[in-house]
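The points move from the whole chain to selected residues.

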Amino acid sequence: MFRTLAKATAAIAVVCTAAGAGLALDEGRAGAATPTAGAATRTAASAGAAFTGSDFTGTRKIRVDGHSVNVSCAGRAHRGRPLVMLMAGGGEGLDNMAALQKSLSRTNRVCSYDRLGEGASDQPAAGTLQTMDDTGALLTGVLDRLAGDRPVVLAGHSLGGYIAARYAPGHTDRVKGLVLLDATIPHLTRDMNRTIPADATGVPAQVRDGAIAANEGQNPEQFVIADGPVRSAGHIPVEILKHESQYAEVPEYGPALEKMWADGQREWQRISTRSSLTTAKGSGHYIHTDRPDLALKAVQKVAHRAAHQH
């Protein structure tokens with residue numbers, strides 16, 4: 001997710017997942033300032049043949065449906081334990097969740113990947129829009145390579161959470177748990193139009209217009225973030241974490257935006273009969289950065305339940 005104009009428009013980061021054209025200043029992505037241990041490996045892999053194995057530590061390139069996809073894995077696979085797949089927000093590469101991946105790897109096999117248009121993966125085809133079918137097919141290909149027959153827990157932040165939540169209901173044979181970290185809400189375009197009126201000006205108008213533009217595909221992935229109802233994934237364990245405060249810089253519409261976001265998180269609870277919603281105290285949108293303890297606990301909890309469900 002790109003940083004926006006300045007501190008005064010920081011709220012756009014939550015509602016846009018990736019800022020619309022003309023709104024974003026690439027001031028640096030959260031978590032990207034410190035190089036990860038996989039950076040050198042990634043550079044070396046880019047120069048050589050695509051990686052073809054699945055049991056490795058570090059960062060590699062794999063081929064999925066003709067695309068080069070950047071992936072990173074750590075930790076050992078344990079019998080009966082799921083693979084945890086981390087999914088970063090829009091406009092961000094897998095490095096954004098590197099700290100969480102490192103913590104999880106002490107007890108889990110955990111991987112992450114760059115979607116097309118993000119990080120070190122290929123760009124989507126010029127002039128084309130990606131849909132949930134496209135990004136879902138890419139995720140399936142990545143899981144085929146990295147998880148094999150093992151069960152999977154998807155843990156996604158922002159747009160990554162939206163994609164995980166849209167993907168899981170159609171893949172319950174494989175996805176056995178979900179963690180949503182301030183996931184993009186199910187009806188963001190509709191709710192943004194309802195919350196900030198068309199005659200708004202200044203920063204509120206930028207927030208509304210930026211969110212809608214991003215949802216229409218004006219984002220690094222050229223991905224259409226479509227509104228839609230929440231489908232059921234049955235009884236899989238789901239932990240949903242939402243930010244505590246994010247909209248102080250948009251005081252006129254701040255309370256309404258907070259309510260919009262909270263209502264959207266409650267919508268995601270419909271994905272499972274075993275879903276739980278928690279407010280991450282002291283956190284803004286980047287829960288895994290602001291409250292890494294809560295993010296780690298949520299993923300560990302779901303992974304444990306996924307390993308022991310019948």
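What share of the contacts in the chain with a separation of 6 or more is accounted for by residues 24 or more positions apart?

1. The model is predicted. In answer to the opening question, residues 24 or more positions apart account for 76% of the contacts with a separation of 6 or more. The chain has 310 residues, and 55% of them are buried. Its accessible surface comes to about 12500 Å², and carbon and sulfur atoms contribute 52% of that area. Ten helices and eight strands make up the secondary structure.

2. Eight strands form an open sheet with mixed pairing, in the order 1-2-4-3-5-6-7-8. On average, neighbouring strands are turned by 20° against each other, direction ignored. As background, strands of a sheet pair through backbone hydrogen bonds, in either a parallel or an antiparallel manner.

3. Strands 5 and 6. Strand 5 (residues 152-157) and strand 6 (residues 175-181) run parallel and are joined by six bridges. Within this pair, Val153 stands opposite Gly177 of strand 6.

4. Helices on the sheet. Helix 5 (residues 159-167) lies across strand 3 (83-87), strand 5 and strand 6, and runs at about 145° to strand 5. Helix 10 (residues 292-308) also packs on the sheet, where it touches strand 3, strand 5, strand 6, strand 7 (237-243) and strand 8. The direction of helix 10 makes about 170° with that of strand 7.

5. Leu180. This residue is found in strand 6. Leu180 counts as buried because its relative accessibility is 0%, where the cut-off is under 20%. Beyond residues up to four places away in sequence, Leu180 touches Gly156, Gly161, Ala164, Ala165, Glu239, Ile240, Leu241 and Trp268. One of these, Ile240, is 60 residues apart from Leu180 along the chain, yet the C-alpha atoms of the two residues are separated by 4.7 Å.

6. The disulfide. How many disulfides does a search of the whole structure find? The search finds one, and it joins Cys73 to Cys111 with an S to S distance of 2.0 Å. The link connects distant parts of the chain, with Cys73 in strand 2 and Cys111 in strand 4 (residues 110-113), 38 residues apart. The torsion about the S-S bond of Cys73 and Cys111 is about 110°, and the disulfide is therefore right-handed. Both Cys73 and Cys111 are buried. In general terms, a disulfide is a covalent bond between the sulfur atoms of two cysteines.

7. Ser72. Is Ser72 buried or exposed? With a relative accessibility of 9%, Ser72 counts as buried. The residue belongs to strand 2 (residues 67-74). Its side chain makes a polar contact of 3.0 Å with the side chain of Gln101. Leaving aside residues up to four places away in sequence, Ser72 touches Gly58, Thr59, Leu94, Gln101, Val110, Cys111 and Ser112. Among them is Cys111, the disulfide partner of Cys73.

Note on methods:
Residues are numbered from 1 along each chain as its sequence is written. This is a predicted model: local features need pLDDT of at least 70, side-chain atom pairs count only at pLDDT 80 or more; totals for chains, interfaces and linings use all residues. Side-chain values use heavy atoms; hydrogens and water are left out. Helices (H or I, at least four residues) and strands (E, at least two) are DSSP runs, numbered from the N terminus. Buried means under 20% relative accessible area, exposed over 50%, partly exposed in between (1.4 Å probe, protein chains only). A polar contact is a pair of N or O atoms within 3.5 Å; within protein, one must be able to donate a hydrogen and the other to accept it, and residues adjacent in sequence count only if both atoms are side-chain atoms. Contact means heavy atoms within 4.5 Å. A disulfide is a pair of cysteine sulfur atoms within 2.5 Å. Two strands pair if DSSP finds at least two bridges between them. Axes are lines fitted to C-alpha atoms, for helices over the stretch in contact, and angles run from 0 to 180 degrees between N-to-C directions. Accessible areas come from the Shrake-Rupley method with a 1.4 Å probe; for residues, only the protein chains shown count as cover.
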